[in-house]
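Visitor: Please take me closely through one part of this model. I would like to know what it is made of and what lies around it.

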Amino acid sequence: MAANDTAHPYAAETQIAIAAVRRACVLTASVFNKLVKQETLTKDDKSPVTVGDFAAQAVINTILDRTFPDDPIVGEEDATDLRIESGRALRDRIVELANDTLSADLQPGEKEEWGLGPNHGRTVDQLLDAIDRGNYDGGRTGRMWTLDPIDGTKGFLRGEQYAVCLALLVDARVELGVIGCPNLPVAASNPSGPRGCIFVAVRGQGAYQLLLDNPLGGERTKLTIPTFTAESLNFLESVEKAHAKLSFNERVSQILGVTRAPTRIDSQAKYCALARGDGGVYLRMPVGSGYKEKIWDHAAGSILVEEAGGVISDGRGEPLDFSLGRTLGENYGIVACGKDVHPKVIAAVKQAKAEEAQSQL
Ligand SMILES: Nc1ncnc2c1ncn2[C@@H]1O[C@H](COP(=O)(O)OS(=O)(=O)O)[C@@H](OP(=O)(O)O)[C@H]1O
Ligand SMILES: [Mg+2]
Ligand SMILES: [Mg+2]
Ligand SMILES: [Mg+2]
């Protein structure tokens with residue numbers, strides 16, 4: 001069965017992606033509350049991979065497999081570590097969590113034909129295979145989804161910001177992005193108020209914030225990046241020093257005359273904060289380790305920024321290239337901000353790079 005709804009382009013994809021991301025957010029929040037921190041295992045890249053990453057990928061890929069069976073998925077995680085004997089305890093936990101999540105009662109707007117609701121549990125093998133549907137290599141042509149089941153793993157483990165990020169690309173152009181942020185305050189002006197948002201953007205249809213509690217049936221707020229002055233502008237940047245060159249950001253903000261301190265937020269929640277005007281510039285320059293940015297770390301956020309009226313490019317001002325496979329290729333950094341500020345940031349980045357080169361002579 002292929003989901004089909006022609007009211008707006010990608011209407012069915014949007015509803016299903018929102019439902020899938022919401023369910024994954026419920027799962028990750030419950031994983032955190034049950035403190036499964038102890039169950040982390042080490043991957044080759046030594047990043048913390050939790051039971052939440054695997055179970056959230058199992059849930060979302062299972063839903064996409066049911067609704068869009070022909071669409072390939074570029075997902076961050078793979079199930080290799082879960083198929084071996086030493087992965088048994090973790091695997092059992094993941095299967096239980098994924099099945100609890102898939103078989104939870106239908107919410108307003110959800111459809112049983114998406115494979116959701118009571119009696120929709122899957123077998124261990126089905127769930128491991130669902131995780132491994134994320135092994136697609138990506139590329140230039142056709143439809144594909146890209147998924148980061150928990151972006152900002154370190155933020156998640158600290159109880160701070162993290163995001164569940166899903167995007168649909170067609171011929172390497174992002175057409176739909178959905179980001180779930182369980183810990184993000186609904187309004188930045190009320191940081192101790194209610195938390196839990198879903199952000200959604202569809203090409204040509206705008207960017208919106210929904211409530212995580214009832215994203216398909218509740219209110220939605222249209223997002224537009226506001227205009228900033230040098231006085232009101234602030235930078236959004238990574239928390240983890242290993243992920244972006246924060247000293248470079250400091251120099252760029254000096255050149256721009258920025259006086260406000262940067263806001264450090266884990267994960268693609270930075271793109272969400274930018275889209276709703278909580279900060280003016282997201283700058284992420286490489287630390288020089290040769291790390292290549294992954295498409296699932298930027299696809300959903302990029303369309304959110306564009307549909308909120310902003311621009312996203314690399315540090316040279318060139319568009320991000322999602323056609324190269326699982327990564328964005330050689331790392332020239334990321335600049336996302338409002339249209340008016342963008343040329344100024346690119347010029348400031350160029351100047352800061354020239355100064356850096358000069359000082360290394
Ligand atoms: N060396 C290096 N350079 C750049 N980026 C890296 C690097 N190492 C990891 N990562 C990726 O960063 C993702 C986390 O996003 P952020 O850096 O925005 O948030 S955070 O400050 O780390 O929380 C994080 O995503 P998750 O693995 O999904 O958490 C990584 O994919
Ligand atoms: Mg990771
Ligand atoms: Mg990530
Ligand atoms: Mg991740």
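Guide: What follows describes the sheet, then the loop at its end, and then other parts of the model. This is a predicted model, in which local features need pLDDT of at least 70 and side-chain atom pairs count only at pLDDT 80 or more, while totals for chains, interfaces and linings use all residues. Residues are numbered from 1 along each chain as its sequence is written, and chains are lettered from A and ligands numbered from 1 in the order in which they are written.

The sheet is open and has 7 strands, with mixed pairing, in the order β3-β4-β5-β6-β7-β8-β9. Strands here are DSSP E runs of at least two residues, and helices are H or I runs of at least four, numbered from the N terminus. At the edges are β3 (73-75) and β9 (220-222), each of which pairs on one side only; pairing takes at least two DSSP bridges. From one strand to the next the twist averages 15 degrees, taken between N-to-C axes fitted to C-alpha atoms, on a scale from 0 to 180 degrees.

Tyr208 stands opposite Lys222 of β9.

The loop between β8 and β9 holds Pro215. Pro215 has 28 C-beta neighbours inside 10 Å and therefore counts as buried (20 or more; exposed is 12 or fewer, partly exposed in between, with C-beta atoms placed from the backbone). Between the C-alpha atoms of Pro215 and Ala19 there are 7.8 Å in space, although 196 residues separate the two in sequence.

Ala11 belongs to helix α1 (residues 11-33). Ala11 has 15 C-beta neighbours inside 10 Å, so it counts as partly exposed. Leu176 is 165 residues from Ala11 in sequence, yet their C-alpha atoms are 9.8 Å apart.

Helix α2 (residues 51-67) is largely enclosed by the rest of the structure, because 15 of its 17 residues are buried. The end C-alpha atoms of α2 are 25 Å apart, which agrees with the 24 Å that its 17 residues should span at 1.5 Å a residue (1.5 Å times one less than the number of residues).

Back in the sheet, β4 (143-151) gives two or more residues to the shell around ligand 1. The shell has 20 residues, and Thr153, Ser238, Glu240, His243 and Asp266 come nearest (C-beta, placed from the backbone, within 6 Å). Two elements, β4 (143-151) and α6 (153-158), each give two or more residues to this shell.
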